[in-house]
Amino acid sequence: MRGPRRAAAVAAAVLFAGVAAVLALTTPWNPLPGHVPGGHVRADPSLDFTPREIARAKAFDGAINPPAYSGLVVGLAVILVLGFTPLGARFLGWTTARVRRRPLRVIAAAVALTTLLRVIGLPFDIWSESVLRRYGLSTQSWPAWAVDQLKSLGVTWVVYTIALLLLYAVVRRFPRYWWTGAAAGGFVLVVAVSFIYPVVVEPVFNKFHSLPAGQLRTDLLAMAKRDGVPVKDVLVADASRRTTSLNAYVSGFGSTRRIVLYDTLLKSPRPQIESIVGHELGHAKHDDVLWGTLVGALGVAGALCLLYLLTTSPRLLRRAGVDPDVPAARGARSTGPADPRTIALVLALVAAGTQLAAPVQNLVSRRIEARADAHALDLTRDPSTFVAMQHELSVRNIDDPDPNRAEYLLWMTHPSGPDRIAMARNWSKMHHVPIPPPLH
């Protein structure tokens, strides 16, 4: 096994180097380049947010953080214990004991383990939902919320079942070099999911309709045309049946690219809607979804090569309660990496890797979001409206105006409201566009 393991290690290094290269070349590390006359304006929540707004955001943050951090810690602890001790193998052995056909054992193991993890996390989800209701951010009834949870679990079953069926089929068919097929398949699967997600998965959770013909639609499409961004459609999502928060996003690429507005946003003043759409056009203009898909595909391919190295380690397999010997006879019972009981170990490794990668992903995401903000300012040349919109977004969504270091690392994919407002003031100084002074 030394030859295949050495080759897998080299492939993993090359693929992760590719991820690093793409991120280094495409991430806007300085989203607003250029000289700022008089020096940069620094983010300061007290300049644009009232003490009452800041206090409310801090109170909400203090209420939502305990279930968020507790759920994260408990979820990670459970999957790591199941994956790195014999408990996971015993649990999956028990759940698949009466299932004879190998593919069905993989399906049963995937469904059983993902369901267990969801059930364990359910109390923390209910806790978080209760906080959102208390602060008026959630408009769902409990039955509707439960239906969404079941839909989410169903999507999880489908995604994990397909991915694990393909993975274990390759592992069994090519026990020494399965990392090659897994890496190639993982790359293709990420690209395919990115392309079909907007038209297959998003409609499971929301209803969409095209923004009706009228001045707003005409203006938004004209803005996209002026920006040189081909957009298939501008859609409205029925987000108000779940939340009062304001949001918009861009999803898909090529023939599936569309800009989606929350229906809660349509009540905002026209210039503010255009400012948000300008931000989303910035994502499309810079092909952020496409580059993100490439990074994700390379990262998954590299992770699968690394997964091969870890799951072919006899010591790790024994720790997970699985026989490390792989039988040569095709009719023999699966052992080693081909044993469906290793699914607990696989998901534990995935969870650990995902959590370790999160701070880097969030850092890159914040830079990309800041570039989209700069694009909106360049396109609309209206920093006053941008500042008003960012203030409104922060207050309506009850965003923490001064998040701590842990929140930045673990959760924040966007700059804070004060950071975005400071960028607008820096932009206005660079382009000599008047902007109202801070409120305080």
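**View 1. Arg 371 and Asp 288 join their side chains in a salt bridge, with N and O 2.6 Å apart.** A salt bridge here is a side-chain nitrogen of Lys or Arg within 4 Å of a carboxyl oxygen of Asp or Glu. Arg 371 sits in helix α13 and Asp 288 in helix α11, so this pair ties together parts that are 83 residues apart in sequence. Helices (H or I, at least four residues) and strands (E, at least two) are DSSP runs, numbered from the N terminus. Both Arg 371 and Asp 288 are buried; that word means under 20% relative accessible area, while exposed means over 50% and partly exposed lies in between (1.4 Å probe, protein chains only).

Two notes apply to every view. This is a predicted model, in which local features need pLDDT of at least 70 and side-chain atom pairs count only at pLDDT 80 or more, while totals for chains, interfaces and linings use all residues. Residues are numbered from 1 along each chain as its sequence is written, and side-chain values use heavy atoms, with hydrogens and water left out.

**View 2. Arg 425 and Asp 48 form another salt bridge, with their closest N and O atoms 2.8 Å apart.** Because Arg 425 belongs to helix α16 (residues 417–431) and Asp 48 to helix α2 (residues 45–48), the pair ties together parts 377 residues apart in sequence. Arg 425 is buried at 9% relative accessibility, and Asp 48 is buried at 7%. By the salt-bridge rule, the count comes to 12.

**View 3. Asp 233 pairs with Arg 217 in a salt bridge, the closest N and O atoms being 3.0 Å apart.** Here strand β2 (residues 233–237) holds Asp 233 and helix α9 (residues 215–227) holds Arg 217, 16 residues apart. Asp 233 is buried, with a relative accessible area of 14%, and Arg 217 is buried too, at 18%.

View 4. In all, 39 residues of domain 1 are in contact with 36 residues of domain 2, where contact means heavy atoms within 4.5 Å. About 3,200 Å² is buried between the domains, and carbon and sulfur atoms give 55% of this area. Buried area is the accessible area (1.4 Å probe) that two parts lose on being put together, summed over both. Two salt bridges cross this interface. On the side of domain 1 that touches domain 2, at least two residues each come from α7 (178–200), α8 (202–205), α11 (288–311), α13 (343–380) and α14 (383–397). Helix α13 gives the largest share, nine residues.

**View 5. Asp 287 has a positive phi, near 55 degrees, although this residue is not glycine.** Most residues other than glycine have a negative phi. Asp 287 lies in the loop between α10 (270–285) and α11, and is partly exposed, with a relative accessible area of 28%. For Ile 398, phi is also positive, at about 50 degrees. Ile 398 is in the loop between α14 and α15 (405–410) and counts as buried at 5% relative accessibility.

**View 6. Asn 362 sits in helix α13.** Asn 362 is buried, with a relative accessible area of 8%. Leaving aside residues up to four places away in sequence, Asn 362 touches Tyr 408, Leu 409, Leu 410, Trp 411, Met 412 and Thr 413.
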